[in-house]
Amino acid sequence: MHCPRAARDPSTAAETLKSDGRRPSPQEAASCGWTGRGGLPRDPLAVRRRRAGIVFTLPVVTLVGILLLYPIAQTVYHSFTVWDGITSHWVGTATYSQLFAKPEFVQVLENNALLVLSIPVAIAFPLGVAFLIQSKLRGWRFFRSVFFLPTAVSWVVIAYVGIRFFADDGILQHLLNGVGLGFWHPNMLSNERSALIAVMITFVWSMFGTNLIIFLAGMATVDQELYDAARVDGAGSFTVLTKITIPLLRRFIQFAFIVTLIAAFTALFSLIFVMTSGGPGYGTTTLEFFIYEQAFQTGDFGLASTAGVILFLAVAAVGLMQLRFFKGED
Amino acid sequence: MVELRAEPEGRGWRHYGSRAVVYALLALITVVMLYPFYYMGINSVRSLDQYYAGHGFSLASWRNLFHTLPIGRQLLNSTIITLSAIAIILAVSTTGGYAFAVLRYRASRLVFVAIVAAMMVPIQSIIAPEFVNLAHWGFINHRYGAILVYAALGAPFATFLMTVYFQRIPVDVVEAALIDGLGYGRIFFRIMLPLAVPAMATIAVLQFIFVWDDLLVGLLFLQNPDVRPITVGLATIPSQHLLDIPLLMAGSLISALPAVIVYLLFQRYLMSGLTMGISK
């Protein structure tokens with residue numbers, strides 16, 4: 001529809017309307033951005049605000065649109081194609097059945113499922129420790145800083161030390177030798193399952209601080225009088241933990257679960273790249289690493305996109321749960 | 001005024017005994033958390049022979065490191081890439097957050113939802129088309145390519161945070177400024193931006209650590225060692241050096257140090273960023 005210039009310039013709006021000889025219909029007015037009653041601009045400020053609003057959103061929309069939203073649409077499209085990065089042709093849903101028919105992909109999904117099993121451990125430890133240091137324990141800030149420190153360190157660095165920890169002549173073996181278990185050589189990185197467990201242990205270690213901070217923030221919201229009342233009633237520490245702390249922290253525990261799950265699925269690339277390269281075999285190839293391998297080692301961009309959609313769906317499902325927390329309780 | 005508080009009954013040795021157990025446990029966890037840093041430090045100041053022998057000190061590995069990797073150059077690349085990405089993220093998230101919170105227009109809610117939804121796009125999911133697009137535009141092997149990708153990855157959460165932050169500023173503030181004759185642009189620069197400094201600090205610290213520590217984006221989009229950040233340089237150290245543990249530990253230490261310093265200086269911003277959105 002043709003919008004008179006006046007629609008965008010409130011100072012001359014009235015004149016243009018007179019010379020035009022008619023008032024626009026409300027529908028016309030709305031599509032021209034005239035939101036005021038009777039098709040007249042509500043007030044010059046509203047038009048200015050709207051214009052400023054669009055100008056101020058433009059940078060973030062451009063950046064995110066071109067570099068995140070457009071590529072995810074491309075990923076979805078190419079997930080149905082055979083694509084080598086240059087030419088692609090449409091195949092349809094067969095690409096998905098081909099992907100799931102691959103035994104190595106099934107193992108990849110299994111690895112991700114096993115990673116999920118490490119989450120309860122990654123939550124239980126910091127929850128217990130948060131419970132111990134909540135009550136204004138002297139020096140708790142120091143401990144909090146120390147425990148959160150791994151969060152600041154790159155997975156690449158953690159992985160190099162991790163190799164030295166789990167290697168056959170590494171720190172773990174020295175510890176075993178020290179306690180008289182020197183006959184046992186777990187050599188964890190050389191076996192598919194134990195290598196994945198090594199990745200999981202490293203993951204739990206590095207998530208400790210993050211979840212501790214979440215739980216400490218949660219415990220700060222619990223009314224101290226509840227604890228005092230429970231103590232007066234003769235409740236022991238364990239009863240307080242299970243009957244008061246954990247129920248009141250339900251929201252924070254769910255939040256920690258989601259944060260940990262998203263980290264497990266999308267943040268371990270560098271750790272796996274340096275520590276195990278996804279091996280031995282496909283032992284530590286998780287979904288995110290599989291995508292990288294398919295695209296940049298095998299050159300199969302189409303299959304990488306198909307797997308990319310699976311990862312996106314998994315993260316989006318978890319992300320939708322997270323929205324609940326941003327909106328607040330219930 | 002001095003307040004004397006009697007210890008409740010039953011808080012005698014048993015109380016202090018349990019305190020001691022708690023401290024012992026915390027000390028144990030401290031050792032577990034800090035040991036890797038001790039390990040890096042002690043082994044980086046040994047030569048390879050001294051590492052195998054388990055004693056002695058030398059700076060040979062540090063000298064080796066500077067011959068193996070362009071350390072200075074890669075530290076500079078990391079700094080340029082990290083700070084530029086942070087600058088872009090702050091620019092687009094404050095303007096966007098201001099618009100979504102204060103300058104609402106028709107469909108602005110929808111645009112906001114689209115930006116927030118982009119938080120759920122993992123970089124791995126889009127890595128193939130992103131690579132093809134950047135290659136098509138000639139952005140591969142240029143720092144600005146990686147900078148823009150990092151900026152896009154950080155922008156959705158930052159914009160969400162800024163929107164929530166600006167929403168908490170009372171409407172009266174904006175209305176009073178309008179009455180005083182300020183335009184929406186001036187309101188942003190003179191009133192909103194100064195108020196947003198704490199939230200901007202949180203975003204900056206979160207993003208510094210994320211970008212500095214990241215591997216994947218730099219690995220794929222910056223393939224020339226001269227434009228690579230230090231984390232990528234360390235992860236792709238030529239394989240003949242992979243058995244030179246002291247060298248690796250020296251490299252690990254120097255690449256970790258800047259992010260650790262930022263953490264130690266600004267950790268309260270980092271921690272508040274983590275719990276933002278859940279604790280009110």
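In the predicted model, the largest nonpolar core comprises 173 residues, of which A:Val199, A:Phe215, B:Ile89, B:Tyr150, B:Ala151 and B:Ala152 touch the most other members. Domain 1 (5-78) and domain 2 (96-327) of chain A each supply at least three residues to this core. One of the residues named above, B:Ile89, touches B:Ala151, B:Gly154, B:Ala155, B:Ala158, B:Ile203 and B:Gln207, when residues up to four places away in sequence are not counted.

Two helices of chain B were then examined as a pair. Two packed helices are described by the angle between their axes and the distance between the axes. Helix α4 (residues 71-101) of chain B packs against helix α7 (residues 143-167) of chain B at an angle of about 35 degrees, and the two axes lie 6 Å apart. The crossing of α4(B) past α7(B) is right-handed. The contact of these helices is made up of 18 nonpolar residues, 10 polar residues and one charged residue.

Chain A is assigned two domains, namely domain 1 (5-78) and domain 2 (96-327). Between them, four residues of domain 1 of chain A are in contact with six residues of domain 2 of chain A. On the domain 1 side, the touching residues are two nonpolar and two polar, with no charged residues.

The contact between the chains involves 72 residues of chain B and 71 residues of chain A. On the chain B side, helix α13 (residues 245-275) provides the largest share, with 12 residues. The side of chain B that touches chain A contains 52 nonpolar, 17 polar and three charged residues.

Conventions
Residues numbered from 1 in each chain as written. Chains lettered and ligands numbered in written order. Predicted model: local features only at pLDDT ≥ 70, side-chain atom pairs only at ≥ 80, totals over all residues. Axes fitted to C-alpha atoms, helices over the stretch in contact; angles between N-to-C directions. Helix = DSSP H or I, 4+ residues; strand = E, 2+ residues; numbered from the N terminus. Left-handed = near helix turned anticlockwise from the far one by under 90°. Nonpolar A, V, L, I, M, F, W, Y, C, P; charged D, E, K, R; others polar. Core = buried A, V, L, I, M, F, W, Y, C linked by C-beta atoms within 7 Å. Buried ≥ 20, exposed ≤ 12 C-beta atoms within 10 Å, placed from the backbone. Domains from an automatic or database assignment. Contact = placed C-beta atoms within 7 Å.
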